[in-house]
Amino acid sequence: MWSLDQFRSLLNRSHEDSKLKGLLQQDNLVIFLHLLGCDSNGHAHRPFSSIYLNNVKVVDHVAENVYSLLQDYFKDNRTTYIFTADHGMSDKGSHGDGHPTNTDTPLVVWGAGVKYPRPISSSNHSDCGFRFVDDHVHDAPTPTEWGLQGIERVDVNQADIAPLMSTLLGLPCPVNSVGSLPIDYIDMTKADEVEAVLANTKEILNQFLRKSDIKQSNSLYFKPFKPLSQYSSILDEIEDRILARDYDAAMDLSQNLRSLALQGLHYFQTYDWLMLMSVITLGYVGWMIYLVLHVLQSYTSLPGTIGTEQAGQRNNCGKIYLFGSIVIAILCLLLLLEHSPPLYHAYMIMTSFLWVQIFSEYQFIKALWKLLSGRRNYIIVKLLATTAVSVFILEFLVNSFTERKLYTWCFLITGVTASIYLFKIVPWRSGIPIFVCIACWFLSIFTLMPAEIPDNNQLVVVSGAIIIIIGIGARWLDLHAGGNKYWLSICNCELKSHKFSSLFYLQALLVALSSVMVYLSTTHRTEKRELLAVHQLINWSVAGISMVLPLFSENSLLSRLTSIFLGFAPPFLLLSIGYEAIFYAALALVLMAWILFENTLLNLNIVNTSSDNNKKVKNNLILGLENRSMQLSDVRIPLVFMVLFNIAFFGTGNFASIASFEISSVYRFITIFSPFLMAALLIFKLFIPFMLVICVFSAITKLNNVPRLGCYFLVILFSDVMTIHFFFLVRNTGSWMEIGNSISHFGIMSAQVVFVLLLFALTNTFTKDIQCNTAAKSARARKAN
């Protein structure tokens, strides 16, 4: 067992040095507090604001006072000073995206035990081969205003500061430190340098040995790290070199041993990776197969077509469950003998359970295979083509996480392809093909814009006017286009009055009022004036009331979706700072284009079906059978949903990067720095486009009489395909940005299944009573025409 003493850091071991203890108790805490204030000011006011720069001057003044105080108090010239920072900051006040301006920090060391600055020469240039832990070379020149031209700059990793401080204080390195001692900072003799590096090496080597002992004692089959199998002989050779005063050779051996020890640490940190990745991959594959089987059995007509023998299947299932339970018990026993963490047991049990469930359906799988084998080749080709297209789209979405501009090409091509297809189905006079093309092209512009949204108050105000115009257009179509058979299913054709309802007037008024409040609130902030309490009250009231109003709108498809679009526009505008407000309008136009496309396909299917099928559909509607069985072509609905859901993620920024979160808009609701409330408002803003997409998705499933839950299971399936891809892209090496983004991408896709379900439940409040003009009514309308 490890003792508490082994986990002490350098700063909490101050009792071992009276001077360090006094330093920490008296002055060092003040420095940290002021630096924290500097960081908070950067987030709140941005680095180049006057408030931030004034705060920097205060911190500089405090540091100068502390230095003078220590010099005057001790008067022994034995104090060492280390000035650094935990991270940098971008111009927008963020530091989470891994850019060098955020991760590269200054390190200035002077005082007792520190080498004097050396002039730059060909052999000791600032960038002469040193690579950081993420394997990049610092290529930023030293600022000229520092007055350090011609002086050597020694770059180090941030973890190297701990052994540097320990060595200067004459204390052992922290027990869990993985930093390498930067000897270029310390003024010591050759012999002392070698001893210091050797002590640093032994500290890292002891971590390796401890991890090796723990893993060996718990493993039934242990695989050692072979390069360090003879570490004791290397230590003996280093000691011999030191005794022989061959310090250069001893230094090389110590540094090589330290490098091997770090590699050994990584080896044992990833010792179980192959087993874990195999189990998790099998778990994901099993879950996806189980989802496919569930959708085929519950939401298609295959069970009735196949007609499996249920009695014999139940008897065989009992044997499969018994065998599966034995296998699970054996695997858990092996993990228990190896003292594996409880999470390992959970992974193994869940994976085994899923595959037992799959094998229990072997009768259905056998019958399904027999059915496919007996079908014509074109059915197999159609199935394979659908699978290939689905995989292509999902891989496109995976790559779009790192390259947003792919969406530009996606919507440019989609706009052209969809409009050409629609031109063959509907007359151009309907305007549907042209509208679909323009809507897709308009949305394609936004992924060419920068992820960090520039402030543009006027653009937000103009966006409010655009949203109102779109709402007026949708309302006019809802009232006047019902006589057109291509609009009949989505319009409120039974509405008698042709006047705008008072609810629509109120929603348009709230959108206009939110635009005015955006202008007033931003003006107050720009002029350094405090936001009035009445302004805050109006902003909160407008945002809250507008989101409730869609519940009282008419329940035809276009009426309700238009009301939802207008209802969530005010809070989105109040939380916008630039072009993302127009993106909200552009996304709504594309969603409308999707509805029109699906409605056109629905009318085409009705025309192409026989009169017997029309009677069957009509009878189903009379009997209240709202949902038909899913068909292979229905896969397009969850696929389009996945594309639109992800464009809502990355259409105006990079959801996976902290730098994309701009907090200035939340000051229209609050005037004090409140991290939790600010985060809640920002997350709510990000969820508004998702809710709009899900509302349209629900409406389209109703329009096509497709089981929404079946489509949701396909969304889960497609999300898991992307998740397993991101799982293999997760990395623990490289830059801060590369590591963080790989983890966040995997986390986003893993969590998407959960919060899509939550958003489905939330949006169901708005969409559950949507009514579409049914296929039977459409058929009657055509006969009347």
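This is a predicted model: local features need pLDDT of at least 70, side-chain atom pairs count only at pLDDT 80 or more; totals for chains, interfaces and linings use all residues.
Local features rest on pLDDT of at least 70 and side-chain atom pairs on pLDDT 80 or more, whereas totals for chains, interfaces and linings use all residues. Residues are numbered from 1 along each chain as its sequence is written, and side-chain values use heavy atoms, with hydrogens and water left out.

Helices (DSSP runs of H or I, at least four residues) and strands (E, at least two) are numbered from the N terminus. In helix H4 (residues 161-169), Ile 161, Pro 163, Leu 164 and Ser 166 are buried, that is, under 20% relative accessible area with a 1.4 Å probe and protein chains only. Their cover includes strand S1 (80-84), strand S2 (107-111) and helix H5 (190-218). Gly 170, with a positive phi near 75°, follows H4.

Helix H18 (residues 533-548) and helix H19 (residues 557-574) cross at roughly 150°, their axes coming within 6 Å. The two are therefore roughly antiparallel (angle over 145 degrees). Asn 539, Val 542, Ala 543, Ser 546 and Met 547 of H18 meet Gly 567, Phe 568, Pro 570, Pro 571 and Leu 574 of H19, contact being heavy atoms within 4.5 Å. By class, this contact has 7 nonpolar, 3 polar and no charged residues, where Ala, Val, Leu, Ile, Met, Phe, Trp, Tyr, Cys and Pro count as nonpolar, Asp, Glu, Lys and Arg as charged, and the others, Gly among them, as polar.

Helix H13 (residues 377-400) packs against helix H24 (residues 708-729) at about 50°, with axes 10 Å apart.

Conventions: Buried means under 20% relative accessible area, exposed over 50%, partly exposed in between (1.4 Å probe, protein chains only). Axes are lines fitted to C-alpha atoms, for helices over the stretch in contact, and angles run from 0 to 180 degrees between N-to-C directions. Angles under 35 degrees count as roughly parallel, over 145 as roughly antiparallel, 65 to 115 as roughly perpendicular and the rest as oblique.
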